[in-house]
Amino acid sequence: MSHDHPQGVPLPTARPSAEPTAPRPADGPAVAPPAGRPGAGGPPGTQVTPGAGTTPGSQTTPGAGAATAAASGAIPASGGAAEAATGAETPYLELLARGASADAYDRPVLVARAEGRPAAEVAALRRARDLALRVRSELEGRRRREEELSALFATAHDLAGPRDLDAVLRAIVQRARSLLGTDVAYLSLNDPGRGDTYMRVTEGSVAARFQQLRLGMGEGLGGLVAQTARPYVTQDYFKDERFLHTGTIDAGVHDEGLVAILGVPLMLGDHVIGVLFAADRRARVFERGQIALLSSFAALAAAAIDTANLLAETRSAVAGLERANEIIRDRSAVIERASEVHDRLAELVLRGGQVHDVAAAVSEVLDGSVSFADITAVPAEALEASRAGGHAVPHGDDWIAAVTASGELLGALVLRGHPVLDPVDQRTLERAAMVTSLLLLARRSAAEAEQRVRGELLDDLLDARDHDPRLLRMRAARLHADLDVTHVVLAARLDATAPGGDAEAEARRRLWSAASHLASTRHGLAAARDGGTVLLLPLPAGGSATDLARDVARRLSTAVHDAVTVGASAPQEVLSSGPDQVAVAYQEARRCLDALRLLGRAGDGAAAEDFGFVGLLLAGDRDISGFVGRTIGEVVAYDERRGTDLVRTLDAYFACGMSPARTKDALHVHVNTVAQRLERVGRLLGEDWQRPDRALEIQLALRLQRLASPPRG
């Protein structure tokens with residue numbers, strides 16, 4: 001290591017002495033190492049580091065050092081003086097052998113004087129003492145250099161192993177403090193982002209504020225070292241005016257009680273990355289060798305930091321490569337899946353596969369559940385977003401891809417349970433939706449012929465042509481329709497389209513297409529008629545004509561993106577029983593449709609039963625019995641089965657202003673009997689039968705039923 005004096009570091013001051021003495025530390029008398037320490041006056045044969053006045057592999061003993069000095073002329077070797085010198089060396093060789101302290105070397109001279117020995121013998125003892133102290137000092141220096149080199153070698157060994165950076169830096173600071181014999185040692189690192197240097201490792205520190213110090217460039221001793229890339233040393237920091245003192249730094253140094261401070265830069269090339277410090281809580285002078293030793297530790301610390309940074313960069317690069325490799329593998333797998341689904345979808349199209357086949361193929365490729373859903377089973381907002389954007393859109397944990405054809409919504413493919421979808425997989429779902437639309441269009445083209453046949457059958461029913469009922473049933477069966485179940489005739493019409501022109505024709509075509517599709521899925525019939533569309537649909541079990549009309553209006557409006565109004569007839573029994581049954585029902589449905597439009601209920605659906613006695617007017621005189629049956633039929637049937645008198649009680653109740661007391665007088669029964677009969681009526685007609693509008697219809701039905709019944713004789 002270099003022992004050149006660094007700029008800004010004062011040289012140790014030489015101290016004059018009255019008589020030759022061994023070199024002592026600047027802060028006090030020399031202190032001999034404890035007995036038995038290697039290289040410090042140990043037993044004969046103690047090994048000394050090569051390069052300090054010995055040849056590699058040689059072993060130097062204290063006695064040998066003294067003999068060498070005598071041979072070189074330091075001690076006269078002739079006559080009686082030689083004998084005196086030989087006798088004078090003996091006690092000092094013993095002192096060197098047992099590693100005595102420096103003060104013990106004065107004892108032989110003092111004893112000789114006290115015993116009154118000859119002056120020559122005393123002078124010989126002095127010369128032997130001085131020579132022994134020089135040998136002791138040389139051995140002590142070699143011991144220190146050996147310890148320093150051992151510490152440097154141990155630190156270098158730490159750097160070669162896979163140790164943690166913080167552990168290596170702590171070991172460097174601990175060894176620097178131990179070898180330099182300081183109270184505190186610490187290391188700071190530069191922060192390029194903030195333009196300062198901060199404490200990273202401390203050893204021997206007791207002040208929390210000191211351990212958290214940050215030094216700006218040029219501030220304090222450490223900031224000056226970090227700024228100039230030169231070592232600086234001070235015997236008394238607070239009295240040294242070379243440094244820029246700040247309140248924060250001085251307060252931290254004061255809390256720690258530091259006085260003498262040595263700081264050397266940590267260099268990577270030409271750049272300072274930090275500072276290594278050694279400090280005492282008393283004034284002292286740091287020697288050149290100590291400065292050089294600390295600089296060596298600083299170089300090792302810089303190498304450790306550089307190695308750690310390179311290792312971190314390497315690990316980061318390896319991690320990046322691993323991520324890139326993983327992404328490439330994922331991309332490859334996704335592309336392979338996309339290619340696979342493309343081939344499978346193409347095969348489905350070529351062999352005329354069905355929609356559920358497409359959904360099954362995509363489910364397998366995307367490792368999820370994919371299904372085709374009707375437009376009414378998909379959230380409208382997400383479906384419209386997919387249709388408008390032409391891409392699959394997320395909705396909660398699902399993905400929705402609209403299935404469209406020429407702007408018409410045919411349904412959607414729904415991938416369930418995939419909140420995050422890869423872009424390639426998203427494109428696969430969109431391609432599957434496109435294939436689904438192609439299959440639906442192909443199926444529609446094939447179905448149009450069937451629809452025409454359905455339309456012809458419905459036209460025959462509407463035109464009341466005289467056909468054999470058996471042939472009608474056979475034709476309907478080929479279309480998967482059953483004319484023997486209860487049906488409802490529905491008249492549908494677009495309301496927002498301006499009459500005339502291509503727009504109206506296109507709107508009617510879309511309405512007929514949507515109605516035909518709906519009829520085919522419901523095992524019904526559909527045909528274009530009178531500027532609109534007429535449908536003949538089976539009445540669902542437990543449903544009403546009103547519910548069916550509203551459902552059809554909603555579905556058709558959604559399919560054509562426009563308001564479609566639907567009027568429904570009363571439920572029709574076996575359709576093949578009468579030649580004009582369907583035609584009459586169609587007229588009733590049209591009157592309901594016209595009533596809805598006149599009432600401003602465009603886009604809604606209703607049946608004659610929704611209008612009460614107004615429905616009777618719309619339906620014509622043929623529906624009187626139907627109106628009576630719908631209104632009070634349950635009560636009439638109960639009387640016929642049980643022989644009760646509920647109809648007469650109900651008629652009297654309304655005639656008496658809905659007063660049970662007056663009713664019991666009119667019927668000549670007890671009031672409890674009236675109450676029991678009215679309770680039975682409530683169970684038959686519903687709890688709201690006395691509501692004003694219901695009461696009006698019931699009274700009208702009672703009047704019609706009384707007029708239609710023959711008078712009692």
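Ser363 is in contact with Gly368, Ser369 and Val370, leaving aside its neighbours within four places in sequence. This is a predicted model. Ser363 sits in helix 10, which spans residues 355–366. Its relative accessibility is 15%, so Ser363 counts as buried. The Ser363 side chain also reaches back to the backbone oxygen of Ala359, at 2.7 Å.

Next, a surface site. Leu441 belongs to helix 12, residues 423–462. Leu441 counts as partly exposed because its relative accessibility is 33%. Together with Met434 and Leu438, Leu441 forms a nonpolar patch on the surface. The accessible area of these three residues together is about 260 Å².

The two residues with a stated accessibility compare as follows.

| Residue | Relative accessibility | Class |
|---|---|---|
| Ser363 | 15% | buried |
| Leu441 | 33% | partly exposed |

Now the interior. In soluble globular proteins, nonpolar side chains tend to be buried together. The largest nonpolar core here holds 37 residues. Leu490, Leu535, Val552, Leu556, Val564 and Val566 have the most contacts inside it. Elements that each supply at least two residues of this core include helix 11 (380–389), strand 11 (487–494), helix 14 (501–521), strand 13 (532–538) and strand 14 (564–568). Helix 15 gives the largest share of this core, 8 residues.

Leaving aside neighbours within four places in sequence, its contacts include Ala492, Leu494, Leu511, Ala553 and Leu556. Val564 also touches Arg493, Asp495, Ser557, Gly603 and Asp604.

Notes: Residues are numbered from 1 along each chain as its sequence is written. This is a predicted model: local features need pLDDT of at least 70, side-chain atom pairs count only at pLDDT 80 or more; totals for chains, interfaces and linings use all residues. Side-chain values use heavy atoms; hydrogens and water are left out. Patches are made of residues with over 30% relative accessible area and no salt bridge: like charges are joined within 9 Å, nonpolar side chains (Val, Leu, Ile, Met, Phe, Trp, Tyr) within 5 Å. Accessible areas come from the Shrake-Rupley method with a 1.4 Å probe; for residues, only the protein chains shown count as cover. A salt bridge is a side-chain nitrogen of Lys or Arg within 4 Å of a carboxyl oxygen of Asp or Glu. Helices (H or I, at least four residues) and strands (E, at least two) are DSSP runs, numbered from the N terminus. Buried means under 20% relative accessible area, exposed over 50%, partly exposed in between (1.4 Å probe, protein chains only). A nonpolar core is a set of buried Ala, Val, Leu, Ile, Met, Phe, Trp, Tyr and Cys residues joined through side-chain atoms within 4.5 Å. Contact means heavy atoms within 4.5 Å. A polar contact is a pair of N or O atoms within 3.5 Å; within protein, one must be able to donate a hydrogen and the other to accept it, and residues adjacent in sequence count only if both atoms are side-chain atoms.
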